[in-house]
Amino acid sequence: MKLNTVPYILQTLSFINPGQITPAGWLKRQLTLQAEGLSGQLEEIWPDVGANSGWLGGSGENWERGPYYLDGLVPLAYCLQDEKLIKKAQKWIEWMLASQDADGQFGPTQNNDWWPRMVALKVLMQYADATHDPRVVPFMQRYFHYQLQHLPARPLSDWGKARAADNVLSVLWTWKQRPDDEQLPALAKLLLEQGDNWPDFIIHHLPTGPVNYFSHLTHVVNVAMGMKYSAMHDAIHQQRERLAEIHRCFAELDHYHGQPQGMFSGDEWLAGNAPEQGVELCAIVELMFSLENLLRIYGDAQFAERLERIAYNALPAGITADMMAHQYHQQPNQIAVSIAKRNWTYSGDDCNIFGLEPNFGCCTANYHQGWPKLCNSLFMQAGSDDLACMVYGPAEVVSGDWQISLQTDYPFNTDLRLDIRRAPAGEKTLWLRIPQWSENTVFTLNGEEITCDGKGYLPLTRQWQAGDTLSITFERQPRLERRPRNAVGVYYGPLLMVHTPGEIWENIPGGSLSGDWEIRPRNCWDYALDVQPGEGLIVRSISCCPSGDQPFALENAPVTLRASARRMPTWKMMDNSVAPMPNSPAYDAMCCPTLATLVPYGCARLRIAEFPWVDGRQKTAEAH
C-alpha cells in the first residue's frame, strides 16, 4: 500500500489533558529522576519556594519563583500521577484560589506586577485540565475582567510587556471554556497591542552579533517566549495567516544567533552564532513551550523537528544526569565548567557550573517544566476523534476512545511500535510524523508494508481495532550540517553527536546543600574531523545499546560513533572557553589520523559540538 504525506495537519489540534499521556521506558525513568531529584526536594532545600514564600502567604520571595516552580511541578505531578507531588502542589493552588479579592486581583499583596501572575495563570490552566476543578474558570474570568478594567491606566511594562503572549494564552484557554464572554477576546487583543511586537523586532531590527546593552527585546528568555506572539494573533482570529512570519523569525535568529542544538544563543543577551557563546536554561524550556503551542496551533512538522532537537539535546545537557543540579548557561563547545570569567554578554563568573542556583535563581525555579510538558505534547487530539503523534518518545496515551501504547527507545533508537489498545468506532485518522532526516521510512501495519512519498505527516485513515499493531523504522545515517566559519555539526537521527574529552567532576567547597560542581576534561578536545567531499564524515564504527537508569549519563551513553579525526594543536583556549573556530578546511591539522569518540550532546557536559574539518582523502594521501 502506498500513501502520500502532507506537511501540516489540516485540522484543529488540542493538547491532551495532563495525566492522559503517561511516560514509559526511558522517559518514565527520566521523569522519575526529576521527581526524586531537585523538583521533588526543592521546597526543602531552597528557601525561595519554601514555606515562607509570598505565594503561600509568607514574607519571602513574592515575584516569579513560586509560580515558575509550580509551572513544572504541576505537570510533573499529574504526568506521573505522583500523590506526594500532587499534595505538594495543591497547597499552592489552594492559596492562589483563596487570595482573590472582590475586584478579581489575586496573588501576594506585596506586588501588583502583571508578569508573575501570567505564570500563575498557566499553572491554574494546567491544574484545571488535569483535575476539572470547577473553581478555576470563574476565578480566571474575574481576574481577566479586572485586567481589562485596569490595563488602560496601568499598561504592561518591562517583563510583562515582553511576555504578553503568555497572558494571552491563558485568556484564550478561558475563552474556550466561556465562549459567550466577549470581554475575553477584547482583553486578548489589548494585551497584544500593549505587548512588544516580536516579529517586527526580529525581522527588521535584530542585532547581527553579540549584544552589549540591556533591552527586554534582546534578552534571550524574552525572545523564546515572544515566538508565540504571532500565533496568538492567529489563535484569536482562528486563522493561519502568520505562519510564514514565524518561520521568517526563526530563520533570522538561526542565521545570526543559531546554535547546533536547535537554540539561538543568549548569555543572557543575544550573543551571536559562535559555539563558545552560551544559552540560558530558562530560554531552552521556554522555547520548548513556545514550540509546543506552535505545533498545536499550526500542526507544522517543522516545529516538531526543532522541538525534538532542543528537547533531546539542549535540555538534558544543561542538567546533571541525576536531575539534582543545572547550569545557568551551556556552551555548544564547552571544555571547562568552572568559576571563571568568560566572554558572556551579561553574566557572572559562576554561571556555567552545575549547582542549585548558579548565577541567578530563575532557572532553579523554571527548568522543571521541560520534561513533563514535552511528555504532555507527544500526542495531540486532531479534530474531535482523530489522534496525532507529534513528537516521538515512549508513552501510553488515553484520549477519548483512543488508547495507544508507543514502545520505543527513541531518540536513541529509531524503531517504534504502536499497539492499539482501544479505538473509536468508524473510520478515523492516526497522523504520524516522518522526520526530515529519515532517509527511508518503513511502516508495517498488521504485517502489511506501507510506503509513502515525502516528509511531514502520514495520515492513516481506517477502521482501527483493538489489537492493531503498527511498526515504524526511521532509517538514520550520520550526517553533517554546515555551521558558521565553514564548520560542521554531526547528527544521527534527532541526536547531535559531539566529541567528549571525558569528565572529572570536582565538588566546590562551601556550595549548596544539593552540591555545586566544576568539571575539567580528562583528555584532549582539539580535533578536526576527516570529511570526504561528496561522501561525508568518515565513520569507523557505530555502537548502540539500550538507555540506562540515567538515560543521559555519559558513562552509559546509548549511542557512540567512532569517527576519523586529527589533532589541531593550534586550537587553544581563550578567556576560559574554546577559542574561536579555525576556518575549514583546517590545513594546520596534524597529518596522522586518529579516532574521536562521539556521543549524544545531552550525555556530555564537556564537549565539542561544532568542528573544523579536513579533506580526509587529501590528508591521507599526504600522510602516506
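Select Arg154 and Trp114 to begin: the charged end of Arg154 sits over the ring of Trp114, 4.0 Å from the ring's centre. Keep in mind throughout that this is a predicted model. Now move to a second such contact. Select Arg462 and Trp464. Arg462 lies over the face of Trp464, and the distance to the ring centre is 5.1 Å.

## The largest pocket

Next, select Leu13, Ser14, Trp173, Lys176 and Arg296. Of the 40 residues that line the largest pocket, these lie nearest its centre. The elements that give two or more residues to this lining are strand 2 (13–15), helix 5 (114–131), helix 8 (164–177), helix 12 and helix 14 (281–298). Colour each of them in turn. Which element gives the largest share of the lining of the largest pocket? Helix 8 does, with six residues.

The space in the largest pocket comes to about 1300 Å³.

Move on to the second largest pocket, with a volume of about 550 Å³. Its lining has 24 residues, and the closest to its centre are Asp254, Glu305, Arg306, Arg309 and Glu481. Select those five residues. Then show helix 13, helix 15 (301–317) and strand 16 (479–483), which each supply at least two residues of this lining. Helix 15 has the largest share, six residues.

How does the lining of the second largest pocket divide into nonpolar, polar and charged residues? Eight are nonpolar, seven are polar and nine are charged.

Now look inside. The whole structure holds two cavities of 30 Å³ or more. The largest cavity contains about 50 Å³ of space. Select its lining: Trp198, Pro199, Gly226, Met227, Tyr229, Ser230, Ile246 and Cys249. Helix 10 (198–204), helix 12 (229–237) and helix 13 (243–257) are the elements that give two or more residues to the lining of this cavity. Six of the lining residues are nonpolar, two are polar and none is charged.

## Aromatic rings

Turn to the rings. A pair of aromatic rings is described by the distance of the centres and the angle of the planes. The structure has 31 aromatic pairs. Select Tyr392 and Phe474 as one of them. Their ring centres are 5.4 Å apart and their planes meet at 55 degrees, so the pair is tilted.

## Backbone stops

Finish with the backbone. Most residues other than glycine have a negative phi, and most peptide bonds are trans.

- Select Asp267 and Glu268. The peptide bond between them is cis, with omega near 10 degrees. Glu268 lies in the loop between helix 13 and strand 4 (279–280).
- Select Ser584 and Pro585. Here the peptide bond is also cis, with omega near 0 degrees. Pro585 is in the loop between strand 26 (577–578) and strand 27 (594–600).
- Select Asn446. Its phi is positive, near 50 degrees. Asn446 is in the loop between strand 12 (441–445) and strand 13 (448–453). The residue is partly exposed, at 43% relative accessibility.
- Select Asn576. Its phi is positive as well, near 65 degrees. Asn576 is in the loop between strand 25 (573–574) and strand 26. Its relative accessible area is 36%, so Asn576 counts as partly exposed.

Conventions
Residues are numbered from 1 along each chain as its sequence is written. This is a predicted model: local features need pLDDT of at least 70, side-chain atom pairs count only at pLDDT 80 or more; totals for chains, interfaces and linings use all residues. Side-chain values use heavy atoms; hydrogens and water are left out. On a 1 Å grid over the protein atoms alone, a cavity is a set of points where a 1.4 Å probe fits but cannot get out, and a pocket is an open set with protein on both sides within 12 Å along at least five of seven lines; lining residues have an atom within 4 Å of a point. Grid points are joined across faces, edges and corners, and a volume is the space filled by probe spheres set on the points. Helices (H or I, at least four residues) and strands (E, at least two) are DSSP runs, numbered from the N terminus. Ala, Val, Leu, Ile, Met, Phe, Trp, Tyr, Cys and Pro count as nonpolar, Asp, Glu, Lys and Arg as charged, and the others, Gly among them, as polar. Rings of Phe, Tyr and Trp (its six-membered ring) pair if their centres lie within 6.5 Å; planes under 30 degrees apart count as stacked, over 60 as edge-to-face and the rest as tilted. A charge sits over a ring if NZ of Lys or CZ of Arg is within 6 Å of the ring centre and within 35 degrees of the ring normal. Buried means under 20% relative accessible area, exposed over 50%, partly exposed in between (1.4 Å probe, protein chains only).
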